[in-house]
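Visitor: I am new to this structure. Please take one part of its surface and look at it closely, then show me how it sits among the rest.

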Amino acid sequence: MANVAKKVSWSNKDDEDRPGELTPLLNGSPTASPAQTNFFRIERLTTVNLDDDLTQDQDGVSTTNVSKEIQHNEKLLSLKYESLDYDNSENQLFMEEERRISKIGFHVLEIKRWIVCCLIGIFTGLIACFIDIVVEKLADIKYMQIKQNIDKSTENGGLSISLVLWASLNAGFVMIGSILVAFVEPAAAGSGIPQIKCYLNGVKVSHVVRLKTLVVKVLGVIFSVVGGLAVGKEGPMIHSGAVIAAGISQGRSSTLKKDFKIFEYFRRDTEKRDFVSAGAAAGVSAAFGAPVGGVLFSLEEGASFWNQMLTWRIFFASMISTFTLNFVLSIYHGNPGDLSSPGLINFGQFQSEAVQYNWYEIPVFMCVGAIGGILGAVFNRLNYCLTMFRIRYIHRPCLQVIEAMLVGAVTATVSFIMIYAMYSSDCQPIGEDPIKYPLQMFCSDGEYNVIATTFFNTPEKSVCSLFHDSPGSYNPLTLGLFTLSYFFLACWTYGLAVSSGIFIPSLLIGAAWGRLFGIFLSNISSDPSWADPGKYALMGAAAQLGGIVRMTLSLTVIIVEATGNVTYGLPIMLVLMTAKIFGDFCIEGLYDIHIKLQSVPFLGWEPPEKSHSLTAREVMSYPVTCFKRLEKVGRIVDILSDTATNHNGFPVVDENHEPEYDNVGRLCGLILRSQLIVLLKHKVFVERANSTLTQRKLQLKDFRDAYPRFPPIQSIHVSQDERHCTMDLTDFMNPTPYSVPGEASLPRVFRLFRALGLRHLVICDGSNGVIGIVTRKDLARYRLHKGQLEELEMAQT
């Protein structure tokens, strides 16, 4: 990202007489207001780096700016995030390579893309199988021990020992998962969906697709689920699929320092982005058995670029993922070839009577959607406040582990208290349906405690029970208390330093109050047969999840595929649309909130409203550091080494052109920092080429071998004699960079930037002279807030 010092672009015409005021960007500015110099450092969502107690202002004066309580300013945009190079640099090397590829070669590349997508589906399915089997085994051991202890204590007294055992087991499992995340790989925290959204949007998020992140993610979510937290294992599958895709498509592992010498052509951001989209879709497909829903999830939530062939490849990866999971689990369960469980969670088939709905129920379904939207907004607001508290106070890894253990113990305590308090009014006879852990507690012989069954199951199985248990299986008071307690537990849990997902907890909360809503309707109706509690449990689950994450199209298809009933398509769609409308009126979706809390320069689908009054000249960064076609090596090294100049893209200007007005020369190309570093590393100097020293001509393979972890400029040794050499940038620069005149409106610049996947957009005057440059951060700092267009501040977060 070319982050350069710039003057403030004043959208208010009355302030145009203050051109000297500067806003602090990555390389600083001559002056800055006191409010703008108090920067804080956030390494990730819940961790703040307090090691840097001193910051320097532009004059080099050290000032203490970090306190124990870190004041978070929502009107900040982080400068630590770089952009990905989604736009191919069509330089001389690239064009020569493309011309050398024959028609058969292009077909071979296309076949390789399909092979990569097949491998992505297979490995994602295998990871999902591993998570499911290990969670099931560990959960069986844990719940069996607790059940035996409770049964023994019920007869002999001493239930407090059972409570301590349950809380200790929860805290122990959660502690392992939290230590892995907090101390080993913080990027594995949460579901990972916000980070993958940012990556597919074009933002480089550190460590988000590393092998270590995948390992910690898989192990962390296993211990989080077994630890009894209000989490699901389905959300992290999306992140896991994306990491698998990023690794397989490159044919090597940077973490293991192992290069398999395959798929070298795909070692660039453009190709990698497409495969990561396929990985995210394969993760959704493995989680819910919804291959079409996975494709739509990548389209709706992430991918900034789409085409027809990409759709086919992503759908293929999703189908392979579902098939692999289904096939392996059928063998594990002793029924080879039984492909009736396509995902980690299967909502099960609804009976034909329950599927039916009447036209007069449509307004009732929309009321359910409105309730879900409001409850989702309350959930998001509470989680937002809690996340702010974590940013300010719970920033040490040890504190994060302690908090996670506390939540695990509290979850067990709340569950135990509810089981104990509701046993007298919540005993039901054991029916024909198999119950894995029928806890009798103080119920009569042949009966079991229903609320205990809800807590003594993984959340996925509890959701299915709420969908399909017969009417009268649940006490309304029990459902109400369970909804209230699990709502706050899930809100407290999301954002902990553990690998966790919000999909299943949201579905469980919605299924509980949705079933309660159905019971209420059947009680007040003269004909209760139409108000099936399971049907309204499904609608409540969709409404609650839609109210929290604000997904519409993909979530509709996921739920329809998971239930296997297209009949519910229309009501589910209306419920989700209503939930989104009511939720958006109050607050943004949960993923968008957490993206903003990390100050990520995320670009939406459309430019901010009321931004037509701004032009490219007003939003661009300037002055711009440019290079000539023939540039001194010493100047290149000095500019790249300057810590105050973190440019990552440099316009190349015509050295024979005399600058006019405020431009620095006529634009003739654009070159990236990463390209310059590779050129310096291989000593591609004019003098060496003209000397008797034999030098291999540089190829695109040399740039791909260095991708994606290009060496820092400090690791490149350049002698004093070499500093006087010259570097010819003609063959390596992009000779046709995108540019617009300074009078172009911000919406036009935004759409160009978003649709073409740009990282830099050069701003030129009438004579094609470079006057500025627009980057992602220049566009992302403008947003609509309370009906007014506001400009975010730039900070070293």
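Guide: What follows begins with a nonpolar patch and then turns to other parts of the chain.

This is a predicted model, in which local features need pLDDT of at least 70 and side-chain atom pairs count only at pLDDT 80 or more, while totals for chains, interfaces and linings use all residues. Residues are numbered from 1 along each chain as its sequence is written, and side-chain values use heavy atoms, with hydrogens and water left out.

The patch covers about 620 Å² and is made by Ile374, Val378, Leu382, Leu484, Phe488, Ile581 and Phe582. Patches are made of residues with over 30% relative accessible area and no salt bridge, like charges being joined within 9 Å and nonpolar side chains (Val, Leu, Ile, Met, Phe, Trp, Tyr) within 5 Å. A salt bridge is a side-chain nitrogen of Lys or Arg within 4 Å of a carboxyl oxygen of Asp or Glu. Accessible areas come from the Shrake-Rupley method with a 1.4 Å probe, and for residues only the protein chains shown count as cover.

Helix H12 (362–393), helix H16 (476–493) and helix H20 (569–586) each supply at least two residues of the patch. Helices (H or I, at least four residues) and strands (E, at least two) are DSSP runs, numbered from the N terminus. H12 gives the most, with 3 residues. An α-helix has 3.6 residues a turn, so residues three or four places apart point the same way. Val378 belongs to H12, and it counts as partly exposed because its relative accessibility is 37%. Buried means under 20% relative accessible area, exposed over 50%, and partly exposed in between (1.4 Å probe, protein chains only).

Helix H19 (residues 553–563) has 8 of its 11 residues buried, so it is largely enclosed by the rest of the structure. The buried residues of H19 are Ser554, Leu555, Thr556, Ile558, Ile559, Val560, Ala562 and Thr563. Glycine 564 follows H19, and its phi is positive, near 75°.

Two single residues can be followed in the same way. Threonine 324 lies in helix H10 (residues 308–332) and is buried, at 11% relative accessibility. A polar atom of its side chain is 2.8 Å from the backbone oxygen of isoleucine 320. A polar contact is a pair of N or O atoms within 3.5 Å; within protein, one must be able to donate a hydrogen and the other to accept it, and residues adjacent in sequence count only if both atoms are side-chain atoms. Leaving aside neighbours within four places in sequence, threonine 324 is in contact (heavy atoms within 4.5 Å) with Gly121, Ile122, Gly125, Leu126 and Cys129.

Arginine 673, in helix H24 (residues 673–681), is also buried, at 12% relative accessibility. The side chain of arginine 673 reaches the backbone oxygen of leucine 640 at 3.1 Å. These two residues are 33 apart in sequence, and their C-alpha atoms are 7.5 Å apart. Beyond neighbours within four places in sequence, the contacts of arginine 673 include Ile639, Thr645, His647 and Phe650.

As for the whole protein chain, it has 29 helices and 24 strands, and 57% of its 797 residues count as buried. Its accessible surface comes to about 32500 Å², of which 60% belongs to carbon and sulfur atoms.
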